[in-house]
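Subject: Structure handover

Hello,

Here is the structure I said I would pass on. My notes on what was found in it follow below.

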Amino acid sequence: MERPTWAGVQAIVLAVMALFLLPLQAQAERNWEFSVGAFGGKAFNSNGDVKFKFGEGSGFTTGTAHGVNLNDSPTFGAKVTAWYLPRQYNWQPQIGLELDYTKFTADLHQQTAGATGTSLTPGFELGSVTFSTPQDISVNVLAANLLFRYPIWATPELPQGRFYPYIGAGLGVQRARLSVPIVSHQETSYSPAIQGMVGLKFFIFRNFALFGEWKRTTGWHTFTYDGAGLPPGFSARHTIASNHVVGGIALHF
């Protein structure tokens, strides 16, 4: 049996070293960082206007209820994020893309709100609107966000910083599911959604982080209440604007 030459031994050693070094080189040269996260907190729903088209036989054509209160609620969701890394171990600002899902409720309970409206009878004015029947509104938002972050306290062990503040804005779709239990009525509305956010993420380990975030979501929904016993042609347009204060965890890889 022929003994290996010194050149052959060197070739084998170099090949083995390459098997170990190539993955490290790919890791060092990678241009993207990915993370998945989950969050929970509270949604503070803003008081807003509800615009009515009253329909036949109501005495008014259009009207607007002002400062309608939508109940605050728990909020929760998840996100998948990709950060572009033009350089490693650098404190320069970085750009990210994110897919963000949020769920909460914006229920409308019994109340009387000030209103203005157009009457079919000269001299009559719409002074208020009374919501006598509770309405449950479940809301889901799916949006794509553009993010910017600034790594702070970057080290070789934590190349994207021990923590970083971030801001972002996004566009998406908001789904609102209306339920009026007293008349067994349900309907669903889809709307474009806009949102903006600001947050702070802190790394416990290289691949595990905690974050806190404020996010505002806004959507617009028209409900017809068809079959709920209201005059033909009736509809109500709601603005659902909410401030979400949440905390969460994220895994980075």
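Arginine 162 is partly exposed, because its relative accessible area is 24%, which falls between the 20% limit for buried and the 50% limit for exposed. Please keep in mind that this is a predicted model.

Some more on that residue. Arginine 162 sits in the loop that runs between β8 (136–149) and β9 (163–180). Beyond its neighbours within four places in sequence, arginine 162 is in contact with Ile152, Trp153, Lys201, Phe202, Phe203 and Ile204. For one of these, phenylalanine 203, the C-alpha to C-alpha distance to arginine 162 is 5.4 Å, although 41 residues separate the two in sequence. Another of these contacts involves the backbone oxygen of isoleucine 204, which the side chain of arginine 162 reaches at 3.5 Å.

Now the chain as a whole. Taking contacts between residues at least 6 apart in sequence, 71% join residues at least 24 apart. The chain exposes about 13,900 Å², and carbon and sulfur atoms supply 66% of that area.

Next, the nonpolar cores. The largest one has 30 residues, and Phe52, Ala65, Tyr225 and Ile240 have the most contacts inside it. At least two residues of this core come from each of β2 (48–53), β3 (60–68), β6 (111–119), β7 (128–131), β8, β9 and β12 (235–252). β8 gives the most to this core, with four residues. Apart from this core lies another, of 13 residues, which include Phe39, Leu147, Phe203 and Val246.

Last, the salt bridges. The count comes to four. Three of them are described here.

- Glutamate 98 and lysine 79 meet through their side chains, at 3.5 Å from N to O. Glutamate 98 lies in strand β5 (residues 94–105) and lysine 79 in strand β4 (residues 73–84), so this pair ties together parts that are 19 residues apart in sequence. Both glutamate 98 and lysine 79 are buried.

- Lysine 79 also meets glutamate 213 in a salt bridge, at 2.7 Å from N to O. This pair links distant parts of the chain, as lysine 79 is in strand β4 and glutamate 213 is in strand β11 (residues 208–223), 134 residues apart. Lysine 79 counts as buried because its relative accessible area is 8%, under the 20% limit. Glutamate 213 is buried too, at 4% relative accessibility.

- Lysine 215 forms a salt bridge with aspartate 100, and their closest N and O atoms are 2.7 Å apart. Lysine 215 lies in strand β11 and aspartate 100 in strand β5, so the pair ties together parts that are 115 residues apart in sequence. Lysine 215 and aspartate 100 are both buried.

Through shared partners, salt bridges join Lys79, Glu98 and Glu213 into one network.

Regards

Notes: Residues are numbered from 1 along each chain as its sequence is written. This is a predicted model: local features need pLDDT of at least 70, side-chain atom pairs count only at pLDDT 80 or more; totals for chains, interfaces and linings use all residues. Side-chain values use heavy atoms; hydrogens and water are left out. Buried means under 20% relative accessible area, exposed over 50%, partly exposed in between (1.4 Å probe, protein chains only). Contact means heavy atoms within 4.5 Å. A polar contact is a pair of N or O atoms within 3.5 Å; within protein, one must be able to donate a hydrogen and the other to accept it, and residues adjacent in sequence count only if both atoms are side-chain atoms. A nonpolar core is a set of buried Ala, Val, Leu, Ile, Met, Phe, Trp, Tyr and Cys residues joined through side-chain atoms within 4.5 Å. Accessible areas come from the Shrake-Rupley method with a 1.4 Å probe; for residues, only the protein chains shown count as cover.
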